[in-house]
Amino acid sequence: MMDIRGRKMKKPPACVQCRRRKIGCDRGKPICGNCAKSHKTDCFYPDVPGAYVTSSPAPEKLHRSDYQQRQHLPNQQSREATIISHHANSGIVSMEQIRDYNTRLQLLTAQDNRNSPVPADLNLYHGLNPKDSNFDDYSMLMNYYESPTIFDLMTSMYSQEEVLLKEMKFLTSRYKELQNIIKDNNLESEYSNAKRTNDDDDTETDELVLKKQRLRIVQEIKTSINNRKFIDAFKDVDPEFLDDSQIFSVFNKKTKFKESLLPIKDSPNTSFDIKFLICRDEYLARFYHKLGKVVKSEFQPQVDVWNKVRSETPIVSKADQVLRFPAREVSQQIISKYIEIVAESSSLIPILKPNELLSSVEQLFGREPIFTTTKLNLGQVVTLGYISVCLLLSFESNASTVLIPLKDEQLLVFDQLRQWVPQLKSNLEMVKFELEKRKSYSTSIDVLKFIALYKFYQMISSDYCEIVDYDEDIHLARQLSLNNESKNQSLIILWNFIYKNYCWRHLYKGEIPDLVSGPELNSSLVIDPLLTNDIGLLNFQIEMVKYLHSKEELISMQKLQKMKELYKVKLNDQNKRCFHTSSLIHSVMNALIYRNSTLFMNYYLLLQYEELGDKENFKDTFTEFLQLIQESLFYIFSNLASLKFAGYEFIFSSRSFMTLDNICQMLLGLHQRSTDAVRKSQSSTEENTAKKELKEHSSLLVLLLHKVMMLLQDYSKNLKVTNVMISKLTVKITTMLEYVESDLQPAKQVTTSNNGFENADTVALLKDIQKLRTISESLIKTDFFSQRPTFTPKDPSKLGITASNFAAIYSSFYS
């Protein structure tokens, strides 16, 4: 017999009679099988060495472990259970055993016993399953079905909560198994058949009495189950869970549109990702369901072509193993411009040395800077990789700002650089490919520096798109034991840089940065001043995301609310330590991660309160959500237009536009709720006040989408090049607005039952409307907005999708 930790455990002692006779004992309680056959009533078991407790049919004298504190059963019921369990022809579950499990489950669910001692491990007849074994041996069958439950006290490494959770899991499964066995034996049918056979007799036979007793006990257990409906494990694990409304369970929810959302797939490891939200919000999923339906019915050939192009992976051949760069003078001018604009580069990207790269360009570049990777040594390949990264960062710095004008000569150089961007990106992939082929790939610090810069560029690129992140930087760093470095300062700085960016990449999406989330994985010193300033906030973010992803621990609504409050305090404390440009830019990245995380957490809380029908908390959370929307929109657009960040926008612009994307999709989900609430109120014959307020509420949410799109379009016009992320987001908003028009059709049927805005309080609606107006005015004044051309839907039934714009729309949503 094994316990849940895989350790061998001693069997309970045999009865004293079997010991004296030196025969095998089946250890049945209260009377073993041998004593029952011999009609011996003095069957008893040693309780502890040197002490004996006499068995008796009376339940108050049955053997029990002290910790159980069981409530005793009536004498008559115990007698019935004892007779049944030892009936000679029985292949049915012992009623005494079922009562043991039932009693134990009741004790676990009882609030007044929460503070009683708990078992560390369980010994409950593991490993024997009648479905998997041959039960021709009657004694084995009876032992499995009729042996009493045994609860042993043992020491364990598990906490009390963990032990209770494990015990509840086992007891629940065993309890259900015994119920199924009872059901399979069809006691009601047996009793009816036996009764019909015995109708001619004046007295009931022993068999009929037994079956009648079984039936009464089974019906009693079924009644108990039906009255309780389910076993409430929450209350036994954590006293905070006083009722179901305190449990955050929305992550377990899945939309009914799951199959029609493809190619969007659930991302259970990324809780702050829009795909994760779509798969749990019926209203937002409804939009993607309509989008998928239109695409499948009208544009399937275009989808096939798009997928074919996406699936074609370029194969690197010998002819392709060539690195190309702008002319020496042009490259030097571009790097010099980068040094001029990004003056804090040594703090923000300490492993990039642009001044040294100027010398490298002078030495390596000839009249035609073309290099074959196979003919270069490792140092040359890495250096050319550094140069490619620096040139691309210079492009991003100039391309992402609207505040740094370029003179004619500088503009000419920038135009040349823009034409070189595809080739420079190709250089990065070629260098990475070449390094991976070489034996020193996993042992060279220079290679690791290039990989770290490569991953940094991927994170901040203006044409950022979702790619599979293999975390090459952190894997190589750990392989070189940089996470344990304590002497070499340059290596510690390199690890600090990799650690910070690795955390940023994953925490923004709500992923656990597993490879550094424990002290044994990150024991290196922190000497980077920026990371020193951020480390406390990063550690808190890691713990918060861990809690949200907890599989063993139940998530408390109250604790989640407290975490949100503490998160804000941690961010404010971090901001107070920011005095220089580099630390302020770091604080922007931290703030964007915070805002994105808090937006998602608030939206999930809205879903939770909506599911529970908790109107009051839904209202309060929605008010908080609107305030966060206002602050986030202002924060993003003000930073993109701030002179103190001019030229540094490339570090945080991609995360800014991703956050705007998430905000817009959340606004769409809220608008659909508001619209459905209006529809459901149409049964009224009069245009009541609440209905008018809901309509205005709905229209203001759409107005925010219009104004965000206008701000993005105006910002994009002032950029030197088209920003891919802005273009995609603008296309998304346009398609959403087309959907809004189609969703406003009066014939539209409401298919979603839970709606937080339905039957909303009039006073609360008026406050929300006023807040939405304030947000709208803070974005663009009404007078100015009214002078601009209004959005005109093209074809709401097809969401405005045509053959000409299909590729742009499809790639915006699904790439």
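Guide: Let's start with D266, which is partly exposed because its relative accessible area is 25%; buried means under 20%, exposed over 50%, and partly exposed in between, using a 1.4 Å probe and protein chains only. This is a predicted model, where local features need pLDDT of at least 70, side-chain atom pairs count only at pLDDT 80 or more, and totals for chains, interfaces and linings use all residues. Residues are numbered from 1 along each chain as its sequence is written, and side-chain values use heavy atoms, leaving out hydrogens and water.

D266 pairs with K254 in a salt bridge, with the closest N and O atoms 3.5 Å apart; the term means a side-chain nitrogen of Lys or Arg within 4 Å of a carboxyl oxygen of Asp or Glu. Both partners sit in the loop between helix 9 (233-237) and helix 10 (274-278), 12 residues apart. Helices here are DSSP runs of H or I with at least four residues, numbered from the N terminus. K254 is partly exposed too, at 42% relative accessible area.

Now turn to R773 and E696, whose salt bridge brings N and O to 2.1 Å. This pair links distant parts of the chain, with R773 in helix 28 (residues 762-779) and E696 in helix 26 (residues 689-717), 77 residues apart. R773 counts as partly exposed at 37% relative accessibility, and E696 does at 28%.

In helix 25 (residues 649-680), D676 and R679 lie three residues apart, about one turn of the helix. Their side chains meet in a salt bridge of 2.3 Å, N to O, and both residues are buried.

Across the whole structure, a search finds 30 salt bridges.

Methods
Helix = DSSP H or I, 4+ residues; strand = E, 2+ residues; numbered from the N terminus.
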